[in-house]
Amino acid sequence: MLYRSTRNHAETAASTRAVLSGIAPGGGLYMPADLNADAFHWQELLPLSTVEMSRRILQHFLPDFQDMEGIVTRAYDGKFSVPELTPLVPVGDKYVLELFHGPTAAFKDVALSVLPQLIVAAKRQEGVTEDIMILTATSGDTGKAALAGFRDVEGTRIAVFYPRDGVSAVQKAQMVTQEGANVRVCAVEGNFDDAQTGVKEIFVRAGEEKLLEGKGVILSSANSINIGRLAPQLVYYFRAYADLVRMGRIQPGDPVDFTVPTGNFGNILAGYLAKCLGLPVGKLVCASNANNVLTDFIRTGTYDRRRPFHKTVSPSMDILVSSNLERLLYLLSDCDPDFVAEKMAELKEQGAYTVPEKLLKKLQKEFCAACCDDSRTEETIGRVWREHGYLCDTHTAVAFDAAEGYCREHGGETPMVVLSTASPYKFPAAVVRGLGETPMEDEFAVMDQLHDLTGVPVPAPLQGLREKSVLHREVTAKENMINYVLEAIG
Ligand SMILES: *Cc1c(COP(=O)(O)O)cnc(C)c1O
């Protein structure tokens, strides 16, 4: 399967090369030239284990990799606390798809367990001898999951940038205590969009100015702009569907709706790609917090990032520029790179763009959108706990609220799956407030408080975090990120 840049069809790559590069040379994102859906028989996946599903889906999506079986086995073996990786839990008349049972208690683990294995394999197959330097901007969860995934992986190094005041204390502690000889962690004076823009600029400048020539290092990305990050995320849509069949809730072929707490649009785009491969996905409900740029876009066709950036209790969704939306524009425009390049230039230069009516109609056929603010998020946590005895994190609560709204308006026979992207213990203060209690001062004490209130077990990776020593204290101005990277490379 050949990959092409969303902005320029002359930029092509095999899937191995697309994974190594992360982003296309001109700033576009790699997408398959043809999804080849006719050759993909999704029904055959239903009886399989999650790991075997992963192998089949990744082999289809990234066909140039020679040993996908070894890749997924090494990726998942012993890393998740449940054998099915992503269990589906009935909550009231909905289903919660729990994606947080991996090594860092966030859904990013599903993909970032696989990506390092893909990169090592791609390096070998492509005969690349340089080290791969992973640059990652994080709104909190990607950073830790990437650090855990790449830690001491031979031939790789990783630098993670997080917004200094934009992550929870638990998230920060997870990152700054990361061990490993090949890892760097640095705070950026700015928000997530600053960090992400900074990383993108490093890629562009390193290419244009040949800053890394002769240094024995190639840059790559662990953000969901990397197709190797996106592909493993298709799997849990199939897993959830198979579980609904197994539970007798649906027959193969029946539609299922999904609500996805959305930031960079990677998670929900994976759902759309699963649909493109034949999975009977009904509506994809895009749930946002007060940073509701996607809600407005899906409702009106105008994407406008010129608005205040809100720091919310669901910080992994505090994003105004959702990178993977570019891939959706590409697909919905029938793979028109000139159209995508034009819209992305408008976004960069004017801060906004509007899509044609025809594209908006297509978009609204597949997606709908809702948003809620922090007080509603916390209210939802309390309500879901009282009504169903289910404890959800802030991101999941945003999605649960959106799912309830959707079902009130359109509800019928179609099951609704709500994707749960983090353990409630990653954002304990807001969760405790949601339960109607006052959180204690220290965020680590709040984890104990939440445990005392609910009895829900603290995930193993979050236990003992407060005793770990801080290993990373660096802070950089956003303009200086490139120098930080050059210095790290040496
Ligand atoms: C990353 C993240 C999201 C947003 O996912 P995208 O793929 O960026 O849309 C939502 N919730 C949590 C907890 C996350 O870590």
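Guide: Glu 474 counts as partly exposed because its relative accessibility is 35%, between the 20% and 50% limits. Please note that this is a predicted model.

Visitor: Where is Glu 474 found?

Guide: Glu 474 belongs to strand 16, which covers residues 474-477.

Visitor: And which residues does Glu 474 touch, not counting those up to four places away in sequence?

Guide: Those residues are Arg 184, Val 185, Cys 186, Ala 187 and Tyr 484. With Arg 184 there is a polar contact between the two side chains, at 3.5 Å. Ala 187 is 287 residues from Glu 474 along the chain, yet their C-alpha atoms are separated by 6.2 Å.

Visitor: Turning to the largest nonpolar core, which residues touch the most other members?

Guide: They are Phe 61, Leu 62, Tyr 237, Phe 238 and Val 417, in a core of 111 residues. Helix 10 (residues 235-246) gives the most to this core, with 8 residues.

Visitor: Now the pockets. What volume does the largest pocket have?

Guide: Its volume is about 800 Å³. The lining consists of 29 residues, and Arg 7, Thr 197, Lys 200, Met 344 and Lys 348 lie nearest the centre.

Visitor: Which helix gives the most to that lining?

Guide: Helix 8 does, with 7 residues.

Visitor: What about the second largest pocket?

Guide: The second largest pocket holds about 610 Å³ of space. Helix 8 again gives the most to the lining, here with 6 residues. By class, that lining has 13 nonpolar, 5 polar and 7 charged residues.

Methods:
Residues are numbered from 1 along each chain as its sequence is written. This is a predicted model: local features need pLDDT of at least 70, side-chain atom pairs count only at pLDDT 80 or more; totals for chains, interfaces and linings use all residues. Side-chain values use heavy atoms; hydrogens and water are left out. Helices (H or I, at least four residues) and strands (E, at least two) are DSSP runs, numbered from the N terminus. Buried means under 20% relative accessible area, exposed over 50%, partly exposed in between (1.4 Å probe, protein chains only). Contact means heavy atoms within 4.5 Å. A polar contact is a pair of N or O atoms within 3.5 Å; within protein, one must be able to donate a hydrogen and the other to accept it, and residues adjacent in sequence count only if both atoms are side-chain atoms. A nonpolar core is a set of buried Ala, Val, Leu, Ile, Met, Phe, Trp, Tyr and Cys residues joined through side-chain atoms within 4.5 Å. On a 1 Å grid over the protein atoms alone, a cavity is a set of points where a 1.4 Å probe fits but cannot get out, and a pocket is an open set with protein on both sides within 12 Å along at least five of seven lines; lining residues have an atom within 4 Å of a point. Grid points are joined across faces, edges and corners, and a volume is the space filled by probe spheres set on the points. Ala, Val, Leu, Ile, Met, Phe, Trp, Tyr, Cys and Pro count as nonpolar, Asp, Glu, Lys and Arg as charged, and the others, Gly among them, as polar.
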